Amino acid sequence: MSFDSSNKNESLWTHQQKFHPLRERLTEEVHARPFESINDEVDVFLFVKVTGEGASEREFTHLRTFCNEQQIVPPPLGTRHFSAELNDFRVRWERHGEFTTYMAIIPTSGALPFSESVPDVVSHWISSTEGQIIVATHLSARYAADAANAIDYVEDKFVAESLVSAKVARGDGQVWTDLQIHDSGFNHIFLINTNLKGMRLGRIIQRLLDVSTYRNMALLALPEAQKAGGEIAQLEKNLSKLLDQIQDSNQLATKGKKANQSIVSDSEMLQEVTDISMKLQRITAKTKYRFSAADAYFELVKTRITDLGEQQVDGYQTIGEFLQRRMTPAMRTCHSVHNRLDDLSNRTSRAVDLLRTRLNSILEKQNYQLLESMSKRARVQMRMQETVEGLSIAAITYYLVGLIAYLVKSIDKSYLPISPETIIGISVVPTALLVWFGIRKMKQKVLGKDKSITHI
């Protein structure tokens with residue numbers, strides 16, 4: 001069997017298919033942010049600036065400006081990762097969700113650890129961009145040949161109380177750090193390289209720097225949690241006091257007593273609990289994103305530490321042990337505040353529902369009483385109207401009988417079979433019935449045939 005790489009069938013099928021517009025972009029995403037290949041002793045400077053999620057276009061504009069100033073071909077629009085050689089060092093730029101990283105990788109063969117300084121061009125570039133620096137880390141990687149002298153030198157530079165160390169990459173390297181901010185303004189990480197080179201060394205350096213980045217980004221939630229915790233505690237007290245007032249009001253209502261002046265009215269209590277609910281919504285809006293991001297960053301920290309493959313060094317904590325002991329309580333504090341916020345929101349919602357139900361019940365009772373009172377007044381008015389109608393029938397009958405009397409008396413008695421007085425007397429009842437029937441018909445015509453109206 002022969003394999004012909006020029007087989008035209010391999011490309012013909014693509015012309016007959018419809019591809020998803022994101023196919024290439026998603027494939028490129030898998031290969032985004034590749035590791036650097038490093039084969040020398042290096043000093044690496046990392047800067048992380050918090051810029052927010054809406055700064056991508058502005059950050060890209062700053063990057064293109066920097067490239068033009070340094071006569072570097074700028075990346076295409078929408079790029080989220082960029083690296084280039086600049087003089088005798090390498091620069092690397094990455095855009096993340098809410099922060100941007102800037103890195104300078106400087107070869108430093110034979111130099112003492114942490115003896116290099118940030119290149120002026122990089123310092124000027126970073127200072128010209130927006131945002132605030134949340135991480136500044138200086139990593140020195142040296143070969144193991146000078147490990148003994150390097151360790152003695154480095155131990156004097158680190159804070160002994162927080163110094164941690166671990167072997168990484170199956171023992172092919174050893175890391176030292178104290179996670180402190182030194183006089184230079186940087187966190188220091190010292191990597192002794194026993195058998196690391198190329199992409200392997202680049203991966204270890206990137207993972208160490210990722211731990212520094214995601215650690216601080218995760219801990220951004222802690223001050224928010226501590227601040228929100230105080231506000232939540234006050235709102236919990238206010239809600240507890242309000243629930244006691246609701247209970248007191250219920251007990252007084254059950255006993256049939258009127259609430260005294262010390263008991264807040266239902267409408268005022270509803271206003272108070274609504275205010276509590278609004279404050280909770282404000283706190284939730286401010287902290288929800290931060291707490292969710294902290295969980296994601298903390299998971300990345302744990303993943304990067306696992307990827308380092310740490311091995312214990314006698315007498316020292318590993319980076320993972322140190323961060324687990326320090327960061328886990330901080331993350332639990334954030335979770336606790338988040339859970340308290342959810343619980344208080346649910347309790348507040350139930351209090352709002354309870355008060356609204358009570359107010360609706362009171363309003364329904366008042367409306368029923370009002371309708372009952374109106375119905376009673378209508379019945380009284382109808383009775384009075386019927387009484388007036390009876391008097392009206394008597395009055396009209398009296399006048400009609402009077403007219404009949406005048407008519408009968410004007411006729412000669414010889415023509416009448418009975419006396420005029422008898423005729424007048426007999427006419428009273430038929431006249432009254434005719435008047436009653438006429439008024440009834442008139443009433444039905446005016447009010448209609450609705451029996452509910454005519455027979456209230």
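Author: In this predicted model, Lys-167 stands opposite Gln-311, a residue of strand β9. The strand at residues 164-168 is β6, and β6 and β9 pair in the antiparallel sense over two bridges.

This pairing belongs to an open sheet of nine strands, whose order is β2-β3-β4-β1-β5-β8-β7-β6-β9 and whose pairing is mixed. The edges are taken by β2 (81-86) and β9 (311-312); each has a single partner strand, so one side of each is left without a neighbour in the sheet.

Two helices that pack on the sheet may be described next. Helix α3, residues 56-69, packs on the sheet and touches β2, β3 (89-95) and β4 (99-107). The direction of α3 makes about 160 degrees with that of β3. Helix α6, residues 198-219, also packs on the sheet, where its contacts are with β1 (42-50), β3, β4, β5 (132-143), β6, β7 (173-181) and β8 (187-193). Between the direction of α6 and that of β5 the angle is about 150 degrees.

Gln-174 lies in strand β7. Its relative accessibility is 16%, and a residue counts as buried under 20%, so Gln-174 counts as buried. The side chain of Gln-174 makes a polar contact with the side chain of Ser-165, at 3.0 Å. Leaving aside residues up to four places away in sequence, Gln-174 touches Ser-165, Ala-166, Lys-167, Val-168, Phe-190, Leu-191, Ile-192 and Val-313. Lys-167, which stands opposite Gln-311 in β9, is therefore one of the residues that Gln-174, buried at 16% relative accessibility, touches.

The part of the sheet that begins with β2 can be followed strand by strand. β2 and β3 pair in the antiparallel sense over six bridges, and within that pair Ser-83 stands opposite Arg-92 in β3. The two strands form a hairpin with two residues between them, in which Asn-87 takes a positive phi near 60 degrees. Six of the seven residues of β3 are buried, so β3 is largely enclosed by the rest of the structure.

β3 pairs with β4 as well, in the antiparallel sense and over six bridges. Here the hairpin has three residues between the strands. Arg-90 stands opposite Ile-105 in β4, while the bridge partner of Val-91 in β4 is Ala-104. Strand β4 is mostly covered, eight of its nine residues being buried. β4 pairs in the antiparallel sense with β1 too, over nine bridges, and Thr-101 in β4 is the bridge partner of Val-48.

Finally, the chain as a whole provides the setting. The protein chain has 11 helices and nine strands. Of its 456 residues, 38% count as buried. Among contacts in the chain with a separation of 6 or more, 72% are accounted for by residues 24 or more positions apart. The chain exposes about 27,800 Å², of which carbon and sulfur atoms supply 54%.

Note on methods: Residues are numbered from 1 along each chain as its sequence is written. This is a predicted model: local features need pLDDT of at least 70, side-chain atom pairs count only at pLDDT 80 or more; totals for chains, interfaces and linings use all residues. Side-chain values use heavy atoms; hydrogens and water are left out. Two strands pair if DSSP finds at least two bridges between them. Helices (H or I, at least four residues) and strands (E, at least two) are DSSP runs, numbered from the N terminus. Contact means heavy atoms within 4.5 Å. Axes are lines fitted to C-alpha atoms, for helices over the stretch in contact, and angles run from 0 to 180 degrees between N-to-C directions. Buried means under 20% relative accessible area, exposed over 50%, partly exposed in between (1.4 Å probe, protein chains only). A polar contact is a pair of N or O atoms within 3.5 Å; within protein, one must be able to donate a hydrogen and the other to accept it, and residues adjacent in sequence count only if both atoms are side-chain atoms. Accessible areas come from the Shrake-Rupley method with a 1.4 Å probe; for residues, only the protein chains shown count as cover.
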